[in-house]
Structures are given as structure tokens and as C-alpha cells.
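Keep the structure turning on your screen as you read.

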Amino acid sequence: MTAHYQMLIDGQWVDASDDARFDSFNPATGQKWATIPEATEQDVDAAVRAADRALDGPWGQMTPTMRGKCLRRLGDLLSENSETIGRIETVDTGKLFKETAWQATYIAEFFQFYAGAADKIHGETLPIDKPDMFVFTDREPIGVVAAVIPWNSQMFLSAVKIGPALAAGNTIVLKASEHASAPLLEFGKLVSEAGIPDGVINIVTGHATPCGQTLTTHPLVSKIAFTGGPDAARHIVRNAAENFAEVSLELGGKSPFIVFEDANLDSAVNGSVAGIFGATGQSCVAGSRLYVHEDIAEAFLERLVSIAQGIRIGDPQAEDTEMGPLCTQGQLDHIDTQVALAVHEGGTVLTGGKRADVQGLYYEPTLISCPRQDMTIVDTELFGPVLSVQTFKTEDEVLALANDSKHGLAAGIFTKDSARALRMSKRVKAGIVWVNTYRAISPVAAFGGVKNSGYGREAGMQAVYAYTRPKTVWMNLSDAPIANPFKMS
């Protein structure tokens with residue numbers, strides 16, 4: 001049967017006001033499995049106004065500790081329902097069930113972290129340069145937050161927005177991706193059970209127009225937290241000119257994965273496999289640019305190709321599947337085009353390079369040897385299981401290659417030389433650097449990018465303060481009257 005989903009607005013599950021809907025397809029089978037509401041401008045306005053009312057309603061009257069208890073309960077519920085949400089996410093996106101279920105369980109830790117942070121937000125007293133003045137700062141909620149969530153890693157990318165936003169006392173309207181809305185709507189079923197009042201968390205669904213545009217230009221929205229691609233981000237920035245909302249952007253990447261000659265070969269190979277073929281390469285931090293030292297390149301690539309050729313492609317629900325399908329037809333077509341262009345520009349396919357002979361949106365694990373840095377594929381995000389490969393001789397050379405990119409989200413460095421690791425991690429232009437590991441995350445550690453990979457940070461305590469506004473309070477402690485400004489003493 002086809003699932004019939006509704007949106008969450010002001011604590012109620014509702015259809016679009018004009019009953020418009022769009023279909024969701026299982027990328028592993030190509031079959032329609034759900035229909036999703038297509039929000040109108042009126043629907044989005046209702047969600048934002050509900051969030052605005054909730055700011056001063058029961059949510060605004062809760063103590064920070066009480067808000068923290070709600071977040072803790074939400075995390076517990078997410079963990080308890082991880083298998084159900086994981087199954088839905090796998091059907092909707094094609095991601096492996098063992099990954100989606102694990103992720104939902106682990107992401108509960110992010111809500112636990114922010115539950116503990118809720119009553120740790122504080123201002124400061126200032127040693128002011130005026131006599132008889134007591135001056136302090138307070139941190140207030142920024143207001144209604146508009147969060148735009150992509151289809152990949154939905155539980156993670158929503159948790160790092162919901163967690164700090166609610167811990168700081170804000171309310172939020174989430175726009176689920178039109179490519180896979182169901183997991184976020186399933187998550188929404190846990191909100192009221194966690195004790196969170198109506199209107200605090202709202203979830204709308206639809207496309208960029210009118211849903212996304214109405215949300216990000218709404219005059220009652222005070223902050224926009226966006227994760228997605230650079231083209232959509234440019235629209236977000238322009239939209240924010242309408243309401244002067246603060247904006248944070250977590251965008252795409254083309255992350256360098258650097259392997260020096262002294263690296264632990266097994267560890268580096270496994271890290272590269274996880275970095276590019278994990279999640280079918282559909283990760284913004286995918287290590288999609290491999291730079292391997294020429295002294296070990298032959299041995300390294302021999303192992304890497306062997307593993308890539310042995311990856312089991314198939315049903316993402318199956319326990320023994322190692323790589324599932326891509327989420328959308330558009331991704332598959334984009335990868336086809338870029339791989340063909342890479343070969344035309346002089347690249348050599350070491351393995352893969354074509355669609356898998358399996359029903360659904362599958363593409364083979366692919367390695368392409370690239371003789372030049374200026375090839376299009378070297379700095380074009382494919383969001384799929386395709387790795388560009390180059391060799392290098394010196395540290396300075398690979399640093400220049402790694403930084404020769406419009407992206408700057410993540411980087412991986414594999415070496416046993418700790419001094420070199422510190423030099424490289426300091427000089428590489430990326431918001432996240434992993435040394436002798438890759439794709440590790442934690443609620444304690446902030447992440448985000450530089451250059452075309454965006455600005456602002458998510459996760460960690462920094463994110464909590466990004467969802468607050470400081471207020472400065474001046475108090476005159478003197479009993480003497482204020483002097484007449486027009487009479488000289």
C-alpha cells in the first residue's frame with residue numbers, strides 16, 4: 001500500500017491546504033511507495049506563525065532545565081524507534097538499513113548533549129570603565145528558526161539544528177527534502193510524546209517554490225540554518241535579504257584524502273573506502289579526491305581497486321549489502337556525464353565507471369586516475385561513489401593540490417609523522433581535518449566549512465550560542481540623580 005503522509009503544523013497532522021501532493025519513489029526498486037503534501041504559502045505561513053506564538057507560550061515559560069528534559073526524552077524516543085525510522089529512511093533514500101538504524105541510535109546522543117547544554121547557557125559581567133555602573137550580558141533565544149534539511153543523513157542534520165535551537169529556547173520550522181521527506185515526518189511523530197508543546201517543532205514538505213522560498217523569506221523568521229548545495233544556498237542568501245535573518249550554510253565538499261609514504265597502508269586504504277564508498281558516496285564530507293604518495297601509489301591502488309571490485313551492491317535492506325543505490329535519477333545522470341567527461345579529458349578508469357547491472361539507481365564503485373589537477377572531475381562534487389586519484393612527491397606539492405579547490409569542508413591526512421600531521425592540519429584549508437581516521441563525528445565537536453562549503457558551525461557548544469542573541473544590561477548603582485546634560489557643573 002502507498003503511505004499517505006501529512007505535515008506537522010502547530011501540533012496537528014495536516015494535508016496541504018489545497019490537497020496538493022507529490023510522490024516518493026524507492027530508489028532501489030523505482031516503485032512509488034508514498035505520497036507527500038505539497039505545502040502552499042498559506043501552510044508555511046501557518047507553521048511559522050505557530051512557531052512564533054510558541055516562543056512566548058508554554059515553551060517560553062519553561063525553565064532551561066525543563067527544556068533540557070524534553071530534549072532528553074526526544075533523544076530517548078529516537079533511540080527506541082531507531083529501527084522503524086531506519087527502515088523508512090532506507091526505503092525512501094536507498095541508504096543501507098544497518099547505517100540508517102545505527103545513525104538514528106547514535107544521533108540520540110546529540111539530543112542528550114543539547115539536553116545537558118540547555119541550562120549551561122549564560123552571559124557575563126563586564127568590568128566596565130564607568131563608575132557606579134553594573135553591566136552584564138544575557139543570552140536570549142534568537143526567535144523562529146527556519147531549518148532546511150537535505151535528504152541524506154536526515155536524523156543527524158536535523159538533530160544539529162533542533163538540538164541547539166531548542167536548548168537555547170527557540171522554536172523551529174523544518175523543511176524536509178522533496179527527494180525523501182518521510183523519515184523526518186516519522187521523526188515528527190515523537191515530538192508531542194517528548195513533552196514538547198505544540199508549535200515548537202513544525203515540519204513542512206514541498207519544493208523550493210513556494211515552500212522553501214516562503215519559509216526563508218518569512219518576516220517572522222530570525223535565523224535560517226541550511227544544509228544543501230551551493231546553487232540553492234545562493235537563493236537562501238538572497239531570500240534572507242527580505243527578512244534580514246541570520247544565516248548558516250553547510251554546503252558541499254570535494255574533500256582531499258592525503259596518504260603519505262609512511263602511512264599505515266591498511267588503515268589508509270580502509271579509510272579511503274569508508275570515505276568514498278560509505279553511504280554510496282552520498283556524503284558532503286566524502287573523501288572524493290585521493291592524493292597518494294608516488295612511492296606507495298601502486299601498492300595502495302592495487303588494494304583499493306581490489307576492495308572496490310568486491311563491494312556487494314544490492315538491496316539496502318539486506319544485511320550483507322555493502323553499497324546501496326543513489327537516491328535520485330538526477331544524481332545518476334550527473335555521474336554518468338562527469339565520468340564520461342573525465343575520460344574525454346584524459347582520465348583513466350581503474351575500476352567501475354558505469355551503472356551497475358542491477359535494477360534501480362545503482363552505480364559501480366569507481367576510481368579514475370587523473371593526470372592533471374585542472375580536470376573538471378577533480379573539483380566537481382558528484383555525490384556518488386566516484387574517486388579521483390592523483391599522485392604527489394612532496395608535502396608542499398600535495399598541500400597546494402589539496403587547497404586548489406573552491407570547496408573547503410573536510411580533509412583526511414594519513415601519516416605516522418605527528419609533526420607533519422600538525423603542519424598539514426594547520427595549513428590545509430578545510431573546516432574539518434581528520435588525521436589517521438575519517439568521517440568521525442560527535443555532538444561535542446563542531447563541524448562546518450570554508451570557501452564554497454559554507455559558513456557557520458553545527459554541533460558542539462558553539463552551535464548553542466549561534467542560536468542566541470546577546471543582550472547588554474546597564475544598571476546605575478548610584479543613588480545620586482543623573483546630571484542635567486544641559487547644565488555644566
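Begin with helix H3 (residues 64-80) and H6, whose axes come within 10 Å and cross at roughly 165 degrees. Axes here are lines fitted to C-alpha atoms, for helices over the stretch in contact, and angles run from 0 to 180 degrees between N-to-C directions. H3 is therefore roughly antiparallel to H6, a label for angles over 145 degrees, while those under 35 count as roughly parallel, 65 to 115 as roughly perpendicular and the rest as oblique. Helices (H or I, at least four residues) and strands (E, at least two) are DSSP runs, numbered from the N terminus.

This is a predicted model, in which local features need pLDDT of at least 70, side-chain atom pairs count only at pLDDT 80 or more, and totals for chains, interfaces and linings use all residues. Residues are numbered from 1 along each chain as its sequence is written, and side-chain values use heavy atoms, with hydrogens and water left out.

Which residues of H3 meet H6? They are Arg-67, Leu-71 and Leu-78, and their partners in H6 are Met-155, Gly-163, Leu-166 and Ala-167; contact means heavy atoms within 4.5 Å. By class, this contact of H3 with H6 has 5 nonpolar, 1 polar and 1 charged residues. Ala, Val, Leu, Ile, Met, Phe, Trp, Tyr, Cys and Pro count as nonpolar, Asp, Glu, Lys and Arg as charged, and the others, Gly among them, as polar.

H6 also packs with H5, at an angle of about 15 degrees and with their axes 9 Å apart, so H5 and H6 are roughly parallel to each other. On the H5 side, the contact includes Phe-110 and Phe-111, and on the H6 side it includes Phe-156 and Val-160. The residues of this contact of H5 with H6 divide into 12 nonpolar, 2 polar and no charged.

Now for the open spaces. The second largest pocket has a volume of about 810 Å³. On a 1 Å grid over the protein atoms alone, a pocket is an open set of points where a 1.4 Å probe fits, with protein on both sides within 12 Å along at least five of seven lines, and lining residues have an atom within 4 Å of a point. Grid points are joined across faces, edges and corners, and a volume is the space filled by probe spheres set on the points. H5 returns here, giving the largest share of the lining of the second largest pocket, 5 residues.

The largest pocket has a volume of about 1100 Å³. Among the residues closest to its centre are His-179 and Phe-226.
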